[in-house]
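Below are some exercises, each with a solution worked out step by step.

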Amino acid sequence: MSPKLKTFIERGISTIILLGLLGGTVAWNNPWGYALLVCVLCNLTTYEWFNMLKERSAESNRGLALVAGLIYPWLMALGMLTDGMVFGGEDGPVSIVLCFDFGATALGSLVLFVLAAFFAELRAMDYKGRTGAQALSSMGMTVLSFIYPVWLFTFALCALYDDHAIKTLLWLVLVTKMSDIWAYASGVLVGGKFISRRFSPVVSPKKTWEGIIGSFIITSICAWFMRDLATFPFEYTGLQFFCVLMPCIFVLSVAGDLAGSLIKRGLAVKDSGSLLPGIGGIFDLIDSPAFTISFFAAVLAVL
């Protein structure tokens with residue numbers, strides 16, 4: 001078996017594992033199980049970030065990012081799961097949460113984290129001898145390690161208690177991961193034969209224009225035939241699907257994958273972990289879905 005075929009099969013198996021977990025959660029139809037899956041994926045990614053920053057501990061506050069990344073998804077899940085929950089009391093039923101606003105809480109949590117990171121850098125400059133340049137670098141890396149992909153991927157919790165939303169999210173993750181697999185397959189088959197210049201010569205030099213174009217065509221066709229899995233909150237035609245919806249999903253999928261590559265290249269690591277063969281760690285698995293899921297959550301909030 002050639003190395004390229006082996007890598008393709010490994011990526012496919014790892015993606016099937018993720019989709020199997022999501023599909024099993026949908027079949028189980030238990031919001032607590034769904035929340036558990038999202039939180040565990042986020043926690044594993046946070047731990048991988050913590051390890052990737054080990055050699056850059058003098059240029060980051062990885063402890064703060066670790067604590068926030070481990071706690072934040074569970075707090076958001078708890079807020080969603082207890083929204084409107086009623087308990088009996090001596091004076092009658094008591095609702096412990098009247099209305100949990102996911103978007104406002106997510107934004108507020110991010111603001112608080114940024115403020116905490118700033119205070120931590122001020123303290124590091126005054127008492128630990130960190131220079132201004134190191135503090136700015138640490139600030140950016142610390143905030144980024146919380147936002148991407150954990151904070152973004154946690155928006156998957158918005159689908160709790162909505163079977164249609166969870167199935168749409170499953171469709172979205174499937175399409176997102178397919179774009180990566182078909183890009184790899186198309187690149188192996190025809191990459192560089194028509195366009196010599198690479199798609200991303202520095203960040204991801206193995207990506208070819210033929211691979212990207214081939215992936216867009218194949219992924220769009222597959223997404224169209226699987227569209228019954230999703231329930232969109234708007235009417236669309238075939239032309240709108242291919243001209244508006246799929247380009248948005250595909251561009252975000254590629255951008256998310258490149259963002260992950262940029263981070264690993266900047267940190268001089270090949271993979272975020274070794275939990276998943278052919279992909280690396282959980283970070284490598286949810287990097288592109290973090291882009292597509294959070295974007296669609298924002299679009300649905302506007303609609």
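A residue counts as buried when its relative accessible area is under 20%, as exposed when that value is over 50%, and as partly exposed in between. Keep in mind throughout that this is a predicted model.

**Exercise 1. Find out how confident the model is and how the chain is laid out.**

Step 1: start with confidence. The protein averages a pLDDT of 85, and 85% of the residues score at least 70.

Step 2: Strand 2 (residues 92-95) has the lowest confidence, with a mean of 53, while helix 3 (residues 62-81) has the highest, at 95. Where pLDDT is low, the predicted coordinates should not be read in detail.

Step 3: go through the elements. There are nine helices and four strands, and from the N terminus on they run α-α-α-β-β-α-α-α-β-β-α-α-α.

Step 4: check burial. Of the protein's 303 residues, 45% count as buried.

**Exercise 2. Decide whether Lys207 and Asp257 are buried or exposed, and say what their side chains do together.**

Step 1: Asp257 has a relative accessible area of 15%, and the limit for buried is under 20%, so Asp257 is buried.

Step 2: look at the contact. The two side chains meet in a salt bridge, 2.4 Å from N to O. This pair links distant parts of the chain, with Lys207 in strand 4 (residues 204-208) and Asp257 in helix 8, 50 residues apart.

Step 3: look for others. The structure holds four salt bridges. One of them joins Lys264 to Asp284, with the closest N and O atoms 2.5 Å apart. That pair links helix 8, which holds Lys264, to helix 9, which holds Asp284, across 20 residues. Both Lys264 and Asp284 are buried.

Step 4: Arg130 forms a salt bridge with Glu121, and here the closest N and O atoms are 2.8 Å apart. Arg130 is buried at 15% relative accessibility, and Glu121 is buried at 4%.

**Exercise 3. Work out how Tyr148 and Phe283 are arranged, and what the pair ties together.**

Step 1: recall what you need. A pair of aromatic rings is described by the distance of the centres and the angle of the planes.

Step 2: search the whole structure. That turns up eleven aromatic pairs. In one of them, Tyr148 and Phe283 lie 5.8 Å apart, centre to centre, with 85° between the planes, and the pair is edge-to-face.

Step 3: Tyr148 is in helix 5 (residues 132-153) and Phe283 in helix 9 (residues 282-302), so the pair ties together parts that are 135 residues apart in sequence.

Step 4: check accessibility. Tyr148 is buried at 3%, and Phe283 is buried at 0%.

Step 5: widen the view. Ring pairs link Trp49, Tyr148, Phe283 and Phe291 into a cluster. And don't skip the backbone: the peptide bond from Tyr148 to Pro149 is cis, with omega near 0°. Pro149 lies in helix 5.

**Exercise 4. Which residues form the nonpolar patch on the surface, and which helix gives the largest share?**

Step 1: list the members. They are Leu189, Val190, Phe194, Ile195, Trp209, Ile213, Ile217, Ile221 and Phe225, with about 910 Å² of accessible area together.

Step 2: assign them to elements. Helix 6 (163-190) and helix 7 (209-225) are the elements that give two or more residues. The largest share, five residues, comes from helix 7.

Step 3: Ile221 sits in helix 7 and is partly exposed, with a relative accessible area of 40%. Trp209 is partly exposed too, at 33%.

**Exercise 5. Where does Ala268 lie, and what is its phi?**

Step 1: locate the residue. Ala268 is in the loop between helix 8 (238-267) and helix 9.

Step 2: read the backbone angle. Phi of Ala268 is near 60°, a positive value in a residue other than glycine.

Step 3: check its surroundings. At 70% relative accessibility, Ala268 counts as exposed.

How values were computed:
Residues numbered from 1 in each chain as written. Predicted model: local features only at pLDDT ≥ 70, side-chain atom pairs only at ≥ 80, totals over all residues. Heavy atoms only, no water. Patch = residues over 30% accessible without salt bridge, like charges linked within 9 Å, V, L, I, M, F, W, Y side chains within 5 Å. Areas by Shrake-Rupley, 256 points an atom, 1.4 Å probe, with all protein chains shown as cover. Buried < 20%, exposed > 50% of the residue type's maximum accessible area, 1.4 Å probe, protein only. Phe/Tyr/Trp six-rings, centres within 6.5 Å; stacked < 30°, edge-to-face > 60°. pLDDT = per-residue confidence, 0-100.
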